[in-house]
2 protein chains.
Amino acid sequence: METLSKRPPQNARARQNDRLLRVLNGQPVDRPPVWLMRQAGRYLPEYREVRAQAGSFMNLCRNPELASEVAMQPLRRFPLDAAIVFSDILTIPDALGLGLEFTAGEGPRFCRPLHSVEAIGRLKPVDVRSELGYVFAAVEATRQALGDRLPLIGFAGSPWTLAAYMIEGHGSRDFNRPRTLLYSEPAAAGVLLELLSQTIADYLQAQVEAGADVVMLFDTWGGLLPPAHYLQYSLYWMGQIIAELKGRDTTRETPVIIFSKGCGRHLDAQAASGAAAIGLDWTADLAAAARIAAGRVALQGNLDPAVMTLADTERATAEVDRLLTTLPAGTRHIFNLGHGITPEARIETVSIVTHHLAELK
Amino acid sequence: METLSKRPPQNARARQNDRLLRVLNGQPVDRPPVWLMRQAGRYLPEYREVRAQAGSFMNLCRNPELASEVAMQPLRRFPLDAAIVFSDILTIPDALGLGLEFTAGEGPRFCRPLHSVEAIGRLKPVDVRSELGYVFAAVEATRQALGDRLPLIGFAGSPWTLAAYMIEGHGSRDFNRPRTLLYSEPAAAGVLLELLSQTIADYLQAQVEAGADVVMLFDTWGGLLPPAHYLQYSLYWMGQIIAELKGRDTTRETPVIIFSKGCGRHLDAQAASGAAAIGLDWTADLAAAARIAAGRVALQGNLDPAVMTLADTERATAEVDRLLTTLPAGTRHIFNLGHGITPEARIETVSIVTHHLAELK
């Protein structure tokens, strides 16, 4: 056992900038690490150019060279402390045979949604390594471009969020169909969520092996569930994935960040999930969350993305300072937005805010 | 002062079924009163028939006879303890000159949205009594149809929620434009919210004078705001409306219910707003809320609307019982859904659930 515990952690690869990894591991840092959800996105003209070159969003995801290029773009402009793999959370349902399409102005849609219990029963596990090789190639290409300068974040959708899309068939304001299924067919829901959890664990493991240092679960629709359903159908399965990764040699030491949008009220339960950090959206009270977390986990967030659209950059940095000064001393904090950066974000504002954060002492 | 306090409350008109009024006034009841948000709605074939006859949704709102008819429809089917006026929250922006249109499949849209600070500055107060007479006529017609059998609930959108629609110009997932304005133009936002608050107070007063016993503020988009903004730009103005109504002779004793979707975490502040009851959406923990409310206010909600779509009615009533058994003894509770009933709700399930609730002891 002595030798085991002395063995350097599998994934604690040395990175020149290791602020993110240090906060996730509970180590001191000179200032909070900063990255922005959807930092490679439509607010950047160079992104829009590569996106146009790719022809479609999924073509961009499927081309490792272009996916790596757009992942690197924000790092050239802003002093960010992490890169994130460029991909989409719906790659897994697509690999499971649902047929993902992005229709203009409507967002994602599946050709073969799970509109019956029978359809759920017919789902077969897939080998993500063969079906989703393009994602791992994108991770490798991004790691190569990064060298050892920065940590790279891999990600997946949460089991519940993927199930919600797969059952509804497309985006929705309230996802009534999957929410009803949790009441009417809890066994079928369990079968689907378990299959997704296994698939997601494999998918994240492969991303780590390809060069990701940290992985994140995006639970975009956890906030649509009543408390008991959130715990049972969303958080439970994220916990299962985390436990599964901790049990695997190549992912044992990989920190996991979970982000359930609209679920700040569940922080206490989230802190017991095994996650190293909990993402908070912009409607949560970060200072109150820090008191609840009490150092058990790091917190990631939660500046209102609207702040990045302000032309008045002094007001924008004042909002950043307001957020930071409310935090109890010693809070393990990863600075981020409370949701993905919007296409309307102003590059100058993003630049001034991120430089302001980089100069904090 | 003696004579004043002995004077019967202006609006405590006697209703044969006064469960709702008793709970709002902190008096004991034999069982929780029950009503359903959007109880007059598309899940009822008789509603769809009248809606088709009216030609458009706004025609239905503008025809007092038809609006009263659809408000009465659910009462003929289900043992409900309150009626609610049939109208829309966007009548006020329409009266303020924004030009409301409902486009098929897209929802509400304004012809003249408030896309600039100048447009906000140009808004003029309106006399709701002359501009929105059709609403008060609908209240009167519904009161006439009800007689003194049941309490009637009048309503309005909250200042923030109306402002959000007016600035964005239409429905939206995140209302980025109005959310940004709160940072960039707080003074203009204040001007708009004050004008709306005054208008809403007049509007609710006129509904009370026309026969409403209770009024409710629907704050559909309060949950999109960061905590400080919710308190400053949404809850504060709802509190101002409540204070204004309490100061007016004809509305002094009228209980006000406020419902900010997605704001269960703000219950403590909401309980200090002067509202008689706080609505909770289905993602809130009702039992935990009851402990926080501690009898200061009544709580309204919060069954998941998805339960009404279940074909298995035993499972549906079991969910109702599960919700009720978690409540601390003596909770001041108005049973409702956590959001409007959906078009997919099954009439048989609604019937069995409401009869189940009516038979509770």
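**View 1. Asn302(B) sits in strand E8 (residues 298–303) of chain B.** Helices (H or I, at least four residues) and strands (E, at least two) here are DSSP runs, numbered from the N terminus. The peptide bond running from Gly301(B) to Asn302(B) is cis, with omega near -20°. Keep in mind that this is a predicted model: local features need pLDDT of at least 70, side-chain atom pairs count only at pLDDT 80 or more, and totals for chains, interfaces and linings use all residues. As for bookkeeping, residues are numbered from 1 along each chain as its sequence is written, chains are lettered from A and ligands numbered from 1 in the order in which they are written, and side-chain values use heavy atoms, with hydrogens and water left out.

**View 2. Chain A has a cis peptide bond between Gly301(A) and Asn302(A).** Omega is about -20° for this bond, and Asn302(A) belongs to strand E8 of chain A. For context, most peptide bonds are trans, and most residues other than glycine have a negative phi.

**View 3. Phe175(A) is not a glycine, yet its phi is positive, about 45°.** You'll find Phe175(A) in the loop between helix H10 (159–168) and helix H11 (176–184) of chain A.

**View 4. Chain B and chain A meet, with 29 residues from chain B and 29 residues from chain A in the contact (heavy atoms within 4.5 Å).** Together the two chains bury about 2500 Å², 54% of it on carbon and sulfur atoms; buried area is the accessible area (1.4 Å probe) that two parts lose on being put together, summed over both. Arg173(B), Tyr183(B) and Thr283(B) supply 25% of the area that chain B buries against chain A, more than any other three residues.

View 5. A salt bridge means a side-chain nitrogen of Lys or Arg within 4 Å of a carboxyl oxygen of Asp or Glu. Between chain B and chain A the count is 2 salt bridges. There are also 14 residue pairs in polar contact between chain B and chain A, both residues at pLDDT 80 or more. A polar contact is a pair of N or O atoms within 3.5 Å; within protein, one must be able to donate a hydrogen and the other to accept it, and residues adjacent in sequence count only if both atoms are side-chain atoms. On the side of chain B that touches chain A, helix H11 (176–184) and helix H16 (313–325) of chain B are the elements giving two or more residues. H11(B) gives the most, with 5 residues.

**View 6. Arg19(A) and Asp30(A) form a salt bridge, their closest N and O atoms 2.7 Å apart.** Arg19(A) is in helix H2 (residues 19–24) of chain A, while Asp30(A) is in the loop between H2 and helix H3 (45–54) of chain A, so the pair, 11 residues apart, links distant parts of the chain. Over all chains, the structure holds 34 salt bridges.
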